[in-house]
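Biologist: Could you show me the model you have been working with? I would like to go through it with you, question by question.

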Amino acid sequence: MNLKWKKKGLVYSPKYDGGWMDNSALTPTAFLLNKDVIRVYAGFRDTNGISRIGYVDVSSDNPSMILKVSEQPVLDVGEPGMFDDNGVILGDIINVGEEIRMYYVGFQLVKKAKFLAYTGLAVSNDGGDNFDRISPTPILDRTQEGKFIRAIHSVLVEDGVFKVWYATGNGWETINNTDYPQYDINYIESRDGISFPSSGNKIIKNNLKNKEYRIGRPRVHRFGENYLINFTYGTTDGRYEAGQAISSDGVNWIRDDKGIGITVSQEGWDSKHLSYPSLITVPNGKTYMFYNGNDMGREGFGYAELVEGAL
């Protein structure tokens, strides 16, 4: 499937002021707050690299126009000793009845591994301004399929079934004496979006011929009768870029990175990396992609507009 995007530039740049939003805007996740406002939830890092979730509101007609930036985290780090006590980033945001659910990834530091990352769930009943955890423990915890990482990044509810795409990680890749997580993408289903089986189906693996050792942050969208998935892959030679695949059932996928229609720029904030794409179609019919650039969003996030193809 061949899409074509027109890059519109950097939207949000970090403050670098020593506060909780000092740097980065990790995994920007677009949510239609109302017909006029796209709320982009993201993980903002402090000077210690610890991420808390906040948002940037932009105009649905012109996402270059920032309307509001959260003054406080909508979701802070967890209690000391919990799975999310060293940072939280976005998984997905969905409406379920009268509430807004936030699936998020919590990070914990341990002595003999770089980190652990599992999935929590928080709920908002005030329109997305504040979220409360349903539990201090994960809803997607360590199992045999994901010893170090089980991280939800996309949830669709269809015919009463919560369809979930997530990353699982079981090892580490050492590059220039630094450990980086190895992971790929699984699929799992739930009747309530809270309780899950201990394992799902492996759907997209790393392409070793492309030197990939991690492929994750799956974002799934309906494309007519089919599903479109965007993801981000990292390679041992330093690339960190977005790809895509197509499926008729959400389980069996045909990968088509060349058809994604966007890549790194020749220069500027997204000239080194292009990662974590999040797509949204707004009431005026336009489809936007919000994404991170160099160094996993350290310089903020930007967006592109779909000019060929349609979701």
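Predicted model: local features only at pLDDT ≥ 70, side-chain atom pairs only at ≥ 80, totals over all residues.

Biologist: Let's start with the overall make-up. How many helices and strands does the protein chain have?

Modeller: Happy to begin there. The C-alpha trace spans about 45 × 45 × 45 Å along its principal axes. Within that span, the secondary structure of the protein chain comes to one helix and 20 strands.

Biologist: And what is the radius of gyration of the protein chain?

Modeller: The globule rule gives 19 Å for 311 residues, and the value for this chain is close to that, so the chain is as compact as a globular protein of that length. Of the contacts with a separation of 6 or more, 50% are between residues 24 or more positions apart. The radius of gyration itself is 18 Å.

Biologist: What percentage of the residues is buried?

Modeller: A residue is called buried when its relative accessible area is under 20%. The accessible surface of the chain is about 13,300 Å², with 46% of it belonging to carbon and sulfur atoms. Across the 311 residues, the buried share is 57%.

Biologist: Now the sheet that begins with E2. Which strands stand at its edges?

Modeller: This is an open sheet of four strands in the order E2-E3-E4-E5, with antiparallel pairing. Its neighbouring strands are turned by 25 degrees against each other on average, direction ignored. A strand with a single partner has one side left without a neighbour in the sheet, so the edges are E2 (23–34) and E5 (66–69).

Biologist: Inside that sheet, which residue is the bridge partner of Tyr41?

Modeller: Strand E3 covers residues 37–45 and strand E4 covers residues 51–59. The two run antiparallel and are joined by nine bridges. In E4, the partner of Tyr41 is Tyr55.

Biologist: Which residue in the turn between E10 and E11 has a positive phi?

Modeller: E10 and E11 form a hairpin with two residues between them. The positive phi in that turn is about 55 degrees, and the residue is Asp159.

Biologist: How many bridges join E11 to E12?

Modeller: These two strands also form a hairpin with two residues between them, where Asn176 in the turn has a positive phi of about 50 degrees. E11 and E12 (residues 178–190) run antiparallel, and the number of bridges is 13.

Biologist: Finally, Asn186 in E12. Which side chain makes a polar contact with the side chain of Asn186?

Modeller: Asn186 has a relative accessible area of 2%, so it is buried. Leaving aside neighbours within four places in sequence, its contacts include Trp165, Thr168, Gly200 and Ile203. The polar contact has a distance of 3.0 Å, and the partner side chain is that of Glu145.

How values were computed
Residues numbered from 1 in each chain as written. Heavy atoms only, no water. Pairing = 2+ DSSP bridges. Axes fitted to C-alpha atoms, helices over the stretch in contact; angles between N-to-C directions. Rg over C-alpha atoms; globule rule 2.2 N^0.38 Å. Buried < 20%, exposed > 50% of the residue type's maximum accessible area, 1.4 Å probe, protein only. Contact = heavy atoms within 4.5 Å. Areas by Shrake-Rupley, 256 points an atom, 1.4 Å probe, with all protein chains shown as cover. Polar contact = N/O pair within 3.5 Å; in protein donor to acceptor, adjacent residues only side chain to side chain.
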